[in-house]
Amino acid sequence: MKQPMSNTLSPFDAKIHRMGRLSTVIVWVFFLLVPAAVCTVFHLKVDLALTFKAAAPIMLIFAITGVCEKLSMSPIIGPGAVYLASSTGNIQNMKLPAALNAMNIMECEEGSEKGRVVSIIAVAASSFVTTLIVFCGMLFLAPLMTPLLTNPVVAPAFDNMFPALVGPMVIPVVLKNIKVAALPVALAIVFAVALGSVYSSIQSILMVVVILLSLGVYRVAYKKKGK
């Protein structure tokens, strides 16, 4: 007779969640200190109704994107790396590729305990390196790079940097288990082709739709296979 699976977290995971929640609250406080300090020093009055009206659409989009990111990344790189990546930012461009590449180099299985530890180290290293590069670029390279980045011939390349990074990152994951990845990728392509230019404005909502549809189909397939 099979024993029921325990929902109790290991001491490592419990400590990770405790530190992650604490660090997230600290980051939120520091984020809010900047506008609060500006309003206090310059005696500015904030119209809360107008602020909420302007921020609500942005909050809705990024809230959906944020939830989808956390739900999709946590099983792969672990909660510790997700907490750290969420606090330091630039998840899709830097932190997630760094974690996936580190696990690939160390030959770790995604979601394993070793993989979660390697992901934390990779995301932390990426955060330090990114901060150092940005700081040095701000001091030394900004005057040199500004003419290049604003050049009308070169600018389109930088505008498409994110798709260029996502492609090489997604393809190995799709090929690793093409049966599982085929449905969500196909749904995303169908939505993109069918909606055209509208796709970019509602892609966060479509992300939720694709995830729910994929989970529903796989649940039905899993039950049929079990029978």
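In helix 3 (79-88), the buried residues are Pro 79, Gly 80, Ala 81, Val 82 and Ala 85; buried denotes a relative accessible area under 20%, with a 1.4 Å probe and protein chains only. Helices (H or I, at least four residues) are DSSP runs numbered from the N terminus. Gly 89 follows helix 3 and has a positive phi, near 85°. The model is predicted, with local features requiring pLDDT of at least 70 and side-chain atom pairs counted only at pLDDT 80 or more, whereas totals for chains, interfaces and linings use all residues. Residues are numbered from 1 along each chain as its sequence is written, and side-chain values use heavy atoms, with hydrogens and water left out.

The protein contains 9 helices and 0 strands, a strand being a DSSP run (E) of at least two residues. The order along the sequence is α-α-α-α-α-α-α-α-α. Along the principal axes, the C-alpha atoms fill a box of roughly 70 × 45 × 45 Å. Of the 227 residues, 20% are buried. Among contacts (heavy atoms within 4.5 Å) with a separation of 6 or more, 58% are between residues 24 or more positions apart.

The accessible surface, from the Shrake-Rupley method with a 1.4 Å probe, comes to about 16,900 Å², and carbon and sulfur atoms account for 75% of this area. The protein carries 17 positive and 8 negative charges, whose mean positions lie 10 Å apart. Lys and Arg count as positive and Asp and Glu as negative, without His or the chain ends; charges are placed at NZ of Lys, CZ of Arg, CG of Asp or CD of Glu.

Volumes are the space filled by probe spheres set on the points, which are joined across faces, edges and corners. The search finds 1 cavity of 30 Å³ or more. The largest cavity has a volume of about 40 Å³, and its lining includes Phe 12, Asp 13, Ile 77, Pro 79, Ala 81 and Arg 116. Helix 1 (11-41), helix 3 and helix 5 (113-149) each give two or more residues to this lining.

The largest pocket holds about 2,200 Å³ of space. Its lining comprises 46 residues, with Ser 72, Val 170, Pro 184, Met 207 and Ile 211 nearest the centre. At least two lining residues come from each of helix 2 (48-77), helix 4 (91-105), helix 7 (161-176), helix 8 (178-195) and helix 9 (203-226).

Notes:
Buried means under 20% relative accessible area, exposed over 50%, partly exposed in between (1.4 Å probe, protein chains only). On a 1 Å grid over the protein atoms alone, a cavity is a set of points where a 1.4 Å probe fits but cannot get out, and a pocket is an open set with protein on both sides within 12 Å along at least five of seven lines; lining residues have an atom within 4 Å of a point.
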